[in-house]
Amino acid sequence: MMVRTLKQYSFIYDVIMEALLINYSMVGKDLKDNYRLLSEENPVTKRSHFTEQFEVLEKHVSGLSAEKCMAGLKKENCSKNRFNCLDLLPPDAHRPILKNPSNNGRTDYINALHIDSYVQQKAFIITQTPLISTVVDFWQMVYDNNVQTIVMLDSQSLRDDTCARYWPSGDPSAHNFGSF
């Protein structure tokens, strides 16, 4: 009775499949030693063991199909994606839906993705830094999902022309982002 959910059951099969496909595992108590061993070059293939394992896993992981990302590929939503690469679009089944898109031709789409934490489904949302045209959508998503904390992982120096200023500086009452 240790397996109680479908996710746990699927995980067990994923682990077994990986063990059978790779036929090579280095698990030990010392992470530094394992890292060093996996970083070493395989004398036969002239590639690191990390690279070999990654290549095997890559062959058995299916990528996203256009059918799974239909909202991001719609003509009216393409301008909301920094990149229109299929690998950088959220699958429809896991994206937050904007509940109250404004009437100015806005849709319920934002390039964002719900992800699970260890203990809770849809615990986090990851998204691109808002574009100039999606700042209102960003704040709508924050409001709709009762977001309490925002963590920005890019630095000001990494920003380009497409990145919008979405955080008020100075007097917050002087900034308006749509109805926010």
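**Pockets, a cavity and helix packing**

The largest pocket is lined by 26 residues, of which Ile125, Ile126, Thr149, Ile150 and Val151 lie nearest its centre. The model is predicted, with local features needing pLDDT of at least 70 and side-chain atom pairs counting only at pLDDT 80 or more, while totals for chains, interfaces and linings use all residues. Residues are numbered from 1 along each chain as its sequence is written, and side-chain values use heavy atoms, leaving out hydrogens and water.

A pocket here is an open set of points on a 1 Å grid over the protein atoms alone, with protein on both sides within 12 Å along at least five of seven lines; a cavity is a set of points where a 1.4 Å probe fits but cannot get out, and lining residues have an atom within 4 Å of a point. Grid points are joined across faces, edges and corners, and a volume is the space filled by probe spheres set on the points.

The largest pocket has a volume of about 660 Å³. Strand E1 (112-115), strand E2 (124-127) and helix H5 (135-144) each supply at least two residues of its lining, and E2 gives the most, with four residues. These elements are DSSP runs numbered from the N terminus (helices: H or I, at least four residues; strands: E, at least two). By class, the lining of this pocket has 15 nonpolar, nine polar and two charged residues. Ala, Val, Leu, Ile, Met, Phe, Trp, Tyr, Cys and Pro count as nonpolar, Asp, Glu, Lys and Arg as charged, and the others, Gly among them, as polar.

The second largest pocket holds about 220 Å³ of space. Its lining consists of Ala93, His94, Leu113, His114, Ile115, Asp116, Gln121 and Lys122, which divide into three nonpolar, three polar and two charged residues.

The largest cavity has a volume of about 40 Å³, and Lys80, Ile110, Asn111, Thr127, Gln128, Pro130, Thr134 and Phe138 line it.

Two packed helices are described by the angle between their axes and the distance between the axes. Axes are lines fitted to C-alpha atoms, for helices over the stretch in contact, and angles run from 0 to 180 degrees between N-to-C directions. Helix H2 (residues 31-39) packs against H3 at about 80°, with the axes 6 Å apart; H2 and H3 are therefore roughly perpendicular (65 to 115 degrees, whereas under 35 is roughly parallel, over 145 roughly antiparallel and the rest oblique). In this contact (heavy atoms within 4.5 Å), Tyr35, Leu37, Leu38 and Ser39 of H2 meet His49, Phe50 and Gln53 of H3.

Helix H1 (residues 6-22) also packs with helix H3 (residues 49-59), at an angle of about 125° and with the axes 10 Å apart. H1 and H3 are therefore oblique to each other. On the H1 side Glu18, Leu21 and Ile22 meet Gln53, Val56 and Leu57 in H3. The residues of this contact divide into four nonpolar, one polar and one charged.
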